[in-house]
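Subject: Structure for you to look at

Hello,

Please find the structure below. My notes on it follow.

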Amino acid sequence: MELYGDQTQAYWSTTNAKEVYSEKQDKIVLINFKECFQNMKQKIIIALFLIMIIIPLLSNRSYSEVEDRYLVIGAAFDFDFDKNLYNITVEVIASEDSSSDKAITKSFSGSGVSLFDAIRNVIKISGKRLFWSHMKVAIINKDLAAQSIYPIMGWINREHELRNDALILISREKTAKEIIECKPSETSIPSNVIEKMLENNKSIPKYPNIDFWEFSHDFSTSGIEPIAPAIQIIEVNGKRYPQVTGTAVFSRDVLVGFLDDTESMVLLAVRNKLRGGVLYFDKDITNLNTGLSLEIFDSSTKLKPRVEDDKVTVEIIVKSKLGIADTETTLNFQSKDVIEQIKKTSSSYIEKHIAKTVKIVQEKYKSDIFGFGKKINISFPSYWKEVASDWNENFSNLEFSVKVDAEISSTGLVSKPLKKE
Amino acid sequence: MIKMQAFTKFIDENINIIKTTLNLDTTIVYREFENNEVDNVKFCVIYDSSMCKPDIISNDIIRPILNSKKISLKEDTELCKLLVKNILIVSDYKITSEVSKVIDSMLEGDAVLLVENSAEAIILEAKGYSKRSITEPASQKVVRGPREGFTEDVDTNISLLRRRLPDKNFKINLRKLGAISKTDVALCYIDGLVSPKILDEVNKRLNEIDIDGVLESNYIDELISDAPLSLFRTIGITERPDSAAAKLLEGRVIIICSGTPIVLTMPFLFIEHFQESEDYYNHFAVGTINRLLRIVGFVLSISLPAIYLAIMNYHQEMVPTNLAISMSISRSGVPFPTFFELLLYLFIFETIREATSRTPGNVGQTVAIAGALVIGQAAIMAKLVSAPVIIIVSFTLITGFLVLELKSAVIIIRVIFIFFTMILGLYGYIFTLCGLAFYLISLRSFGVPYMLDAYPIKDEDIKDTLIRAPWSFMETRPKLIGQLRMQRKYTQKNKTK
């Protein structure tokens, strides 16, 4: 043993690793250039043999031409309670029908005893198989969601073609099908429009933007309950348009109710997802003889749980950066008092609304969609273990306080009020 | 074969010997004459009328002998010596008694003078055939840089190099290759820069050549190359004397072959495909960008159709939705599978390329219009092929032209890539890419690894490979090839090697 050890030592001490490398690299090695003709037959046989082994081992089943399958860009999930059947409607790109290069869509429906059965039954009508990787939105019927959303989430998590960044919505109409088939004009693509609506929710925080990943994360994490944007149809000038508005609230896998636009905004603020939007105060609230609206530039929220005597309280601290967007009459925003007044008004306004909304959710839905439990779990894991089992019950009795710090950071492009001197 | 007779002392017999050897050759002129002063001293100048300059024969050979007053009948070779010493006005001569040598040099354009009473003949330099003048090389044009290109004549080519490298160490070895063609082949190198091992190897391989004719340098290339069956050439070619001189300065060996303007340079590395002479004459940033474009172009031209095929057939989820939509729309109604579309269009475009490269200008245009308009436009309208395929194939073709020397390799490798991608999707593409990399790394050119410096590890290695560094930074010659004297600088004292 010792002898071998010594020898290795000696070898490494005399030869530098770099030298070994350079010796191998920087050497002109001359080989007989006719050697390549010899052994040629042998080499070819070996190469062919290897290829013959590799190909069946790696055979790829997923070969298909792009036009052999329908590209699904949106799907609607319904449940027929009379017949106990799942109904699925998909919006697909109708590539073979488009005479020009403009994309048009059509929809196919299928029904079956299980979700996957329904999906496969779509082929009965469409003829082609469905390709799910480009699906943008999934709309789920509110009655189905009120029963249980589990079958759909289960399928979404299992299906390998689906992407986790597809968006999830809850239909407030009778069926989800009518939303995905709601085309104001021949060429409009409802799924794309809905996707854009949700994408731009940074500017209009009246509904959340929830994708599969976030939904299933909230679904499977204790201390937070999932939410989803709600969608309905409105009629404008005799034409029907899909419209996203409000939030669907879940408790575990069951839909328990909806929040309206303002409540949704508060929900986003508490979840620290508020990045824009408009606040409006009328004359009576501001005490400035003008109503005004403020634009939210940025907002950040911190949840600070505190445990005292086996009782937990959560402090909601909101810091908002606001700017004056429009006023009803002249407003002398150069004066410090006016700015202070606006700050005070907006702070108390936000405080009041947060308190109100959290109370509503606590009392009406008993579902911790704000993620208070998650925060408590992080800060006080041992306390969390005690309350986790019936958290939603504890949540409805949770005490909380709200602290809002609003900052008026901009008055737009003007530095003086618009008026005659 | 008839046994060569030896020359005798009688001129008529000697003429007969040559006549019987070349009995059917009617271009040979036998001009017999005598001196004006002395009778009975017969001379005969024999030459090939197609290869000699008549001026030289009449003014510099016949006239001086006719008018000379020194001539008299002398013993044996005395007269020959007198002629070349005092009378003939010819630049080069040789006196020989071997009939075969006389005939060989006559057929190469020299004149032969037979003299009365002498068993020897004088071979006189009288070559005068028409040569092509020095023009700009068609395949390696530059905007900035010399416009001279090699010609088919070895002497002209050597002069082009000599003018660039008037140094005592610039050596040229002339030899003849080809049993019948007897082609002049010049082996050039700079002594003190070239690696002796490489030079010996080149010489050894040249000596092993046994072929009847060498009509183009590619004959030599394939006979001495390390991998003659490879799609990738392990011997470089150039038509530009400036580029050949640069290769010599890097310590390479070049071979000039008579009858072709294409000169061979060796050892040849893969990265040299992407080094154009204009890189060195323009601003280094432009040179670098152009070089990177060429490298990217090569990669694209072998892999673009394969990647398109993989995405269309296996990985439709990888592209953005809008692209997937437009792809599926463009594919709808097309009867063939994507791989067949690609192969069909590659075939059609390669056919057009081959047709236009041989046809004269105006006909070529017709082919191009028929190809572009009829086959391109009409095929899309008839839904025979989808528009993206035409875009991909056309772009592939254009990128393929970025490196002309690799064109032949690219055409075949592209199809191999398509084939394996069709079976295995992107995996197939990656496996083929790995296989190609292994193969290229296994190649050697005259003992030097083919991919040397193609994957630079040290900062220094990148200077003339992926980028073209400014000249002030390029202080060393390429590794292994310029090993004998790595430093380019001469005035400053050498640092450690």
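Lys302(A), Lys304(A), Lys319(A) and Lys403(A) gather in a positively charged patch on the surface of this predicted model. A patch is made of residues with over 30% relative accessible area and no salt bridge, with like charges joined within 9 Å and nonpolar side chains (Val, Leu, Ile, Met, Phe, Trp, Tyr) within 5 Å. Lys and Arg count as positive and Asp and Glu as negative, while His and the chain ends are not counted. The place of a charge is NZ of Lys, CZ of Arg, CG of Asp or CD of Glu. Accessible areas come from the Shrake-Rupley method with a 1.4 Å probe, and for residues only the protein chains shown count as cover.

Helices (H or I, at least four residues) and strands (E, at least two) are DSSP runs numbered from the N terminus. Lys319(A) has a relative accessible area of 51% and is therefore exposed; buried means under 20%, exposed over 50%, and partly exposed in between (1.4 Å probe, protein chains only).

A negative surface patch consists of Asp282(A), Asp284(A), Asp326(A) and Glu328(A). Asp284(A) sits in helix H12 (residues 283–286) of chain A, and counts as exposed because its relative accessibility is 64%.

There is also a nonpolar surface patch, formed by Met40(A), Ile44(A), Leu48(A), Met52(A) and Leu229(B), with about 500 Å² of accessible area together. Leu48(A) is located in helix H3 (residues 40–57) of chain A.

Now to chain B as a whole. Chain B has 16 helices and 12 strands, and 50% of its 497 residues count as buried. The C-alpha trace of chain B spans about 105 × 65 × 40 Å along its principal axes. Its radius of gyration is 30 Å, whereas a compact globule of 497 residues would have one near 23 Å. That radius is taken over C-alpha atoms, and the globule rule is 2.2 Å times the number of residues to the power 0.38.

Val319(B) lies in the loop between helix H10 (284–313) and helix H11 (321–331) of chain B, and is buried at 6% relative accessibility. From Val319(B) to Arg353(B) the distance is 34 residues in sequence and 32 Å in space, C-alpha to C-alpha.

Next, salt bridges. The structure holds 37 of them over all chains, each being a side-chain nitrogen of Lys or Arg within 4 Å of a carboxyl oxygen of Asp or Glu. One of them joins Arg233(B) and Asp221(B) at 2.6 Å, N to O. Asp221(B) counts as buried at 5% relative accessibility, while Arg233(B) is partly exposed at 23%.

Arg291(B) has a salt bridge with Asp279(B), with the closest N and O atoms 3.2 Å apart. Arg291(B) and Asp279(B) are both buried. Arg291(B) also forms a salt bridge with Asp464(B), at 3.0 Å between the closest N and O atoms. Asp464(B) is in the segment after strand E12 (448–449) of chain B and Arg291(B) in helix H10, so this pair ties together parts 173 residues apart in sequence.

On conventions, residues are numbered from 1 along each chain as its sequence is written, and chains are lettered from A and ligands numbered from 1 in the order in which they are written. In this predicted model local features need pLDDT of at least 70 and side-chain atom pairs count only at pLDDT 80 or more, while totals for chains, interfaces and linings use all residues; side-chain values use heavy atoms, with hydrogens and water left out.

Regards
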